[in-house]
Amino acid sequence: MQQILSFFLKNKHFLLFLLLQLIAIIFTIQSHSFHRSKFINSANFITGGIYNKINNVKEFILLKKENVRLAQENVELKNLLNLKGVSDSAIVKSVIDTTNYYQKYDYIAAKIINNDFRKSNNYLTLNKGTSNGIKSDLGVVNSKGIVGITKSTSNNYTTVLSVLNVNYQINVRLVSSDHFGSLSWDSKDYRTVQLLYLPIQASIKIGDTIITGGRSTIFPEGIPVGTIKSFNTNNNNYENINVTLFNDMSALSYVEIIDNLDKKEIKNLEEKSSHE
Amino acid sequence: MNRESINATILFIGLVLLQIIVLNNINFLGYINPFLYILFIFYYPLKKIDYNIILLSFFLGLAIDYFSNTGGINAAATLFIAFVRIPVLKVVIGKRELDYSSLSIDKLPFGRKYTYILTLTLIHHFIVFGLEYFKWSSFGIILLKTLLTTVFTMILVMISFTFVSRK
């Protein structure tokens, strides 16, 4: 006992180092798994606040690009509106009964105040949090395509796991056929991501558009992702399907967060049937 | 608070802000960002046994981790170089025992001073990228990023030492 005690007293220095190193490694391991890094993230009061300040300056520089994107989106939406008007004009409706409509998704707008794209697991920080109805595991998009999935939330800030990460895969499909695959990233280039597990039956060519598959409850079906840049075939299997993202992940500003209002119902049902 | 601890506090806060506001957004060649914040370890006075530097380096790394969503990667790397800096210095100087009362890296000859700094920088960057990828298959990219970032960090460290001399 005496010896153990004197050993500890002699090596206090080393033991302190060992203890802190252990804590650091635990934090690191937690950050590698999707759901557990609740302690160290930029969705808290101090870090979120500072990033918000920095972003006010950055936003000014990105304003022009953002205006162009919004103008494009406006044009698209106006065109869509016109299309509806023509087809509806044959039938004159006097009353719009809202009970005939059913809302499945709820959209929340937010601003990105911090953006990473050079690491192997990249996170964005948003300026909205639980007080605006954001939870974890919601899809994040903008008009050009998918951005990521919300992870940790605080009262006023949220971190988003970007599509540029090596741990989490997103269900996607081809726009031309119903074949599904998974979207993953090899951490090499922030402009291209990889499409995995696409069956050989799906015929693809360079330039084909990829959209979200809607098999998960996170993203609605049909959100644009990117176009096929290159691919190989080997042993009757697709290999190295590279997808160029529609979004420039290095210059993002405003995004929408999608809340699936049916998520709870779907999850409950799935759980129920798996128990039976 | 004496002068030494005031200086250390200012340096600590200054380096964290510099790192997160400016240096983390440089993205030279797409992904290279220097880690200048480890300058703190080089500037901090050398002592034989020092609990302060162990604690400070841990919190310095953790502060960077908080802002860049990297778990405890920077904390682990910074803590490690703070712990090994005395043994590394002994090897670089080639003496078994150091005279800590008069020791300062500003007084070292140019070659030895930068061998010491380069060694610690390489170790730090290797741990950072090693923990970030955490896979043997990414060993090539870990080495590449370590080397490129080290060059960048070293340039900034040299500039800092030229312009800011420690009194």
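User: Which strands of chain A form the closed barrel, and in what order do they run?

Analyst: Strands of a sheet pair through backbone hydrogen bonds, either parallel or antiparallel. Here six strands close up into a barrel in the order E1-E2-E5-E4-E3-E12 (chain A), with antiparallel pairing. Strands (E, at least two residues) and helices (H or I, at least four residues) are DSSP runs numbered from the N terminus, and two strands pair if DSSP finds at least two bridges between them. On average, neighbouring strands of this sheet are turned by 45° against each other, direction ignored.

User: Before we go on, what am I looking at?

Analyst: It's a predicted model, in which local features need pLDDT of at least 70 and side-chain atom pairs count only at pLDDT 80 or more, while totals for chains, interfaces and linings use all residues. Residues are numbered from 1 along each chain as its sequence is written, with chains lettered from A and ligands numbered from 1 in the order in which they are written. Scores are ipTM 0.81 and pTM 0.67. Chain B averages a pLDDT (the predictor's confidence in each residue, from 0 to 100) of 85, with 96% of its residues at 70 or above.

User: How many bridges join E1 to E12 in chain A?

Analyst: Seven, between E1 (residues 105-115) and E12 (residues 254-260), which run antiparallel. One to look up: A:Tyr105 has A:Asn260 in E12(A) as its bridge partner.

User: How do I read the packing of H3 and H4 in chain B?

Analyst: Two packed helices are described by the angle between their axes and the distance between the axes. Axes are lines fitted to C-alpha atoms, for helices over the stretch in contact, and angles run from 0 to 180 degrees between N-to-C directions. H3 (residues 51-68) and H4 (residues 73-93) of chain B pack at about 155°, axes 7 Å apart. H3(B) and H4(B) are therefore roughly antiparallel (an angle over 145 degrees). Residues making this contact (C-beta atoms, placed from the backbone, within 7 Å) include B:Phe58 of H3(B) and B:Phe83 of H4(B). By class, the contact has 13 nonpolar, four polar and one charged. Ala, Val, Leu, Ile, Met, Phe, Trp, Tyr, Cys and Pro count as nonpolar, Asp, Glu, Lys and Arg as charged, and the others, Gly among them, as polar.

User: How many residues does each chain bring to the contact between A and B?

Analyst: Chain A brings 26 residues and chain B 27. On the chain A side, H2(A) gives the largest share, 14 residues.

Definitions and conventions: Contact = placed C-beta atoms within 7 Å. Parallel < 35°, antiparallel > 145°, perpendicular 65-115°, else oblique.
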